[in-house]
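Welcome! Have the sequence and the 3D view ready, try each exercise for yourself, and then read through the worked solution.

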Amino acid sequence: MIALVDLPSRRVEAWKYSDLARAMDESMQIVLQRDRADPLVSAAQARGGIIGALATQAGTVEALEVAAGASVLRIDRPIYANLEPRLLDVNIAPGGRLTRVVVQAGIDGGVVLDAACVRVAAGGVFQQFVLAEGAKLARIETNVEIEGEGAQVALNGIYMVDAGRHADLTSAISHNCAGGVTRQLIKGAVRKGGRGVFQGKIVVAHGAQKTDARQYHHGLLLEEGAEIFAKPELMIHADDVQCAHGNTAGGLDESGLFYLRSRGVSERQARALLVEAFLGDAIPQGLPDDLNEELLGLIRDWLGGAP
């Protein structure tokens, strides 16, 4: 049976800041096979939600296996069509390591839907960094299942949003075994008429003792009329853990701006330097030098249009 997808709207809690139904053009006919007996559709829905289901229908699901002890660096620079949902399904074997970098360049109009579902076995490491410039609506989801003791996860990201653009970084990390470590740092900067969204959830299951999980989001509202929505969450069902989260949103540090201005730096350049330093802090250590410079260059290019 083929039917129109029930696209999520603000009434759906997980999409309350990213109204997909409203963002879709009326002329866009998105269809989904509703036969629940189809294993591909049902599995994608379980792994990647609505994005996974749409990606399965579109044939844009990719599987990635990281072998035990292997170390993989993956760089995604997708050129998105107006709507091309993608699902990356990852298995990291014991002792395997995956570093993933996603660069979502700004596009005029359009809807960007990207999901990754990652399972990390004992001693495995998953490190991800996302740089998002947004679109009419851009949502990059990451869902991680820690399935072995001593696994480590680091999810960092930056969103830089101009007027008329929307960037949503959503993640869910489930600690299902003891001794797991999670570090998450998301930073963003938004100009007038733009919207940045962060939704992060860390779940510590019963028995996942000795979990160490930290989650932080910090956003800069560069102009009046900019919007940032953030919802960090911790759900803890174990009693021997170290878990924390934090969330801030505000303007530039006036004392730092004053210091730079007093040294003869123009206001425009001073603001750009402060924002670059603020955002650059979220770029993880250990990336190849050329990739690190590319990411800093993208930040500088975006700041070049700063008022």
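Predicted model: local features only at pLDDT ≥ 70, side-chain atom pairs only at ≥ 80, totals over all residues.

**Exercise 1. Find how confident the predictor is along the chain, and where pLDDT stays under 50.**

Solution. 
- Over residues 31–37, pLDDT stays under 50.
- Finally, check what that stretch touches: the model gives residues 31–37 25 contacts beyond four places in sequence.

**Exercise 2. Trace the open sheet that contains β4 and work out which strands stand at its edges.**

Solution. 
- Write down the strand order: β4-β6-β8-β10-β12-β14-β16, seven strands with parallel pairing.
- Now look at the ends. β4 (71–76) and β16 (242–250) each have a single partner strand, so one side of each is left without a neighbour in the sheet.
- Follow the twist from one strand to the next: its average is 5°.
- Zoom in on one pair. β4 and β6 (residues 97–104) run parallel and are joined by six bridges; in this pair, aspartate 76 stands opposite valine 102 of β6.
- Helix α4 (residues 267–280) touches β10 (152–161), β12 (181–190) and β14 (212–221), and its direction makes about 160° with that of β12.
- Helix α5 (residues 289–303) also packs on the sheet, touching β4, β6, β8 (125–132), β10 and β12. The direction of α5 makes about 30° with that of β10.

**Exercise 3. Describe the two largest pockets: what volume do they have, and which residues lie nearest their centres?**

Solution. 
- The largest pocket has a volume of about 350 Å³. Of the 18 residues that line it, Ala14, Arg139, Glu141, Asn143 and Thr170 lie nearest its centre.
- Ask which elements build this lining. Two or more residues come from each of α2 (39–58), β9 (137–146), β11 (166–175), β13 (195–204) and β15 (227–236), with α2 giving the most, four residues.
- Sort the lining of the largest pocket by class: four nonpolar, seven polar and seven charged.
- The second largest pocket holds about 310 Å³ of space. Its lining has 16 residues, and Asp19, Arg22, Lys136, His166 and Arg195 lie nearest the centre.

**Exercise 4. Locate the largest cavity and decide which strand gives the most to its lining.**

Solution. 
- Count first: the structure holds one cavity of 30 Å³ or more, and the largest cavity has about 80 Å³ of space.
- Pick out some lining residues, including Gln128, Ile140, Leu155, Thr170 and Phe198.
- Group the lining by strand: β8, β9, β10, β11 and β12 each supply at least two residues, and β11 gives the most, with three.
- Close with the classes: the cavity lining has six nonpolar, six polar and no charged residues.

Technical notes
Residues numbered from 1 in each chain as written. Heavy atoms only, no water. Pairing = 2+ DSSP bridges. Axes fitted to C-alpha atoms, helices over the stretch in contact; angles between N-to-C directions. Contact = heavy atoms within 4.5 Å. 1 Å grid on protein atoms, 1.4 Å probe; cavity = no way out; pocket = protein on both sides within 12 Å on 5 of 7 lines; lining within 4 Å. Points joined across faces, edges and corners; volume = space filled by probe spheres on them. Nonpolar A, V, L, I, M, F, W, Y, C, P; charged D, E, K, R; others polar. pLDDT = per-residue confidence, 0-100.
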